[in-house]
Amino acid sequence: MDRFQIYEVGGRRYRVRTELSGGTSGVGGDNSRGQPASRRNIGPGAKSQRKEVPLARQIHRFIIGHGGSTLRKLYEESHAKITVPNERVKSDSIQIEGLPDEIEKAEQMIEQIVQENIHKVPYTHFISLPISDIDVQRKVKQFQDDVAQEFLRDVDCKTFVDPGSLHITVGMLRLLTNAQVTSAVEYLKSLHTQIYDILGTRSLVVNVGRLRTMEKNPAKARILYTLAEDFEFSDHRLQRLCSFVRESFSQAGYIDERRDLTIHITVIKARAPSQKPTEAGFAEGGHRSAGIINAVPLLKRFDMMSFGTCRLGQVQIAKRFHHTESGAYDSEGCVLLP
């Protein structure tokens with residue numbers, strides 16, 4: 001016969017089924033009847049310990065599991081009590097209580113859970129080269145206005161990337177704690193010498209222009225971008241710089257992306273409507289449905305458009321969804337370029 005017990009974790013309550021006759025007592029239970037044999041037979045000299053383990057709060061839900069199921073499994077297999085703080089506390093740690101071998105076992109299991117679920121946590125930051133040239137930004141804005149007026153009159157305004165936030169993305173990052181952010185910034189700065197070995201003393205100036213779609217079929221495009229290519233010189237410094245930084249961060253364990261590096265500047269990103277999409281209200285020759293843009297007429301009109309040249313002034317670690325008053329992404333730290 002089964003029974004249910006209520007366990008409170010971080011202010012939340014979980015209803016967990018336990019065996020009436022022995023077994024474990026649930027998440028961190030104390031009664032000796034429910035304790036595993038290994039705990040009941042411990043000698044008088046053994047002492048329980050408590051350890052605070054750093055763990056980003058974005059991972060806590062995976063440690064708890066559905067209805068507390070993962071917490072229960074952790075206790076059953078490690079015999080250690082695990083305390084997950086209330087999400088309102090915004091703590092980047094958990095507590096594990098038990099004997100040293102029990103704590104070690106729990107940490108091993110938690111590490112496995114993290115490795116199995118880390119890819120489910122959204123990226124928080126990205127490495128980029130911001131496009132801060134005002135003239136280039138102005139021309140991109142004019143292009144977006146022309147597109148909106150002629151082809152995409154009724155699309156969500158967020159489909160058009162804020163010209164102040166234009167950038168070249170080198171790689172996406174998951175930096176879940178302040179310590180991880182600091183570590184990534186320090187690592188970027190440690191690459192300063194190698195970056196200057198690639199660039200020398202010349203400023204990195206690029207041509208911005210020529211419209212492309214990220215998707216092979218432009219009739220079903222989600223991302224429209226413009227190329228960024230070395231200006232005047234043919235030594236591919238931009239490509240070599242981006243490849244070096246990306247490869248370095250990948251080898252250091254910061255980047256886990258598998259897609260190839262594509263040097264580009266996104267100018268339009270299709271935004272799916274919140275309600276059921278229709279084609280009503282869209283300009284003839286260009287329509288958007290369920291986050292898809294028919295970019296064929298846009299490419300015919302703007303394929304070879306140039307937005308000018310600009311100097312790239314820094315490589316930075318930017319914070320997603322956080323912007324300055326000018327529209328640029330907040331920077332956690334950077335390496336200034338010559």
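Guide: In this predicted model, five bridges connect strand β9, which spans residues 223-230, with β10, and the two run antiparallel. Within that pairing, Leu 224 has Ile 268 of β10 as its bridge partner. Strands of a sheet are paired through hydrogen bonds of the backbone, in either a parallel or an antiparallel manner. The pair β9 and β10 belongs to an open sheet of four strands, whose order is β10-β9-β8-β13 and whose pairing is antiparallel. The edges are formed by β10 (264-269) and β13 (306-312), each of which pairs on one side only. On average, and with direction ignored, neighbouring strands of this sheet are turned by 30° against each other.

The helices are described next. For two packed helices, the description rests on the angle and the distance between their axes. Helix α3 (residues 69-78) and helix α4 (residues 100-117) have axes that come within 9 Å and cross at roughly 140°. α3 and α4 are therefore oblique to each other, since only angles over 145 degrees count as roughly antiparallel. The crossing in which α3 passes α4 is right-handed. On the α3 side, the contact is made by Thr 70, Lys 73, Leu 74, Glu 77 and Ser 78. From α4, the contributing residues are Glu 102, Lys 105, Ala 106, Met 109, Ile 110 and Ile 113. Sorted by class, this contact of α3 with α4 comprises five nonpolar, two polar and four charged residues.

Definitions and conventions. Residues are numbered from 1 along each chain as its sequence is written. This is a predicted model: local features need pLDDT of at least 70, side-chain atom pairs count only at pLDDT 80 or more; totals for chains, interfaces and linings use all residues. Side-chain values use heavy atoms; hydrogens and water are left out. Two strands pair if DSSP finds at least two bridges between them. Axes are lines fitted to C-alpha atoms, for helices over the stretch in contact, and angles run from 0 to 180 degrees between N-to-C directions. Angles under 35 degrees count as roughly parallel, over 145 as roughly antiparallel, 65 to 115 as roughly perpendicular and the rest as oblique. A crossing is left-handed if the near helix is turned anticlockwise from the far one by less than a right angle, and right-handed if clockwise. Contact means heavy atoms within 4.5 Å. Ala, Val, Leu, Ile, Met, Phe, Trp, Tyr, Cys and Pro count as nonpolar, Asp, Glu, Lys and Arg as charged, and the others, Gly among them, as polar.
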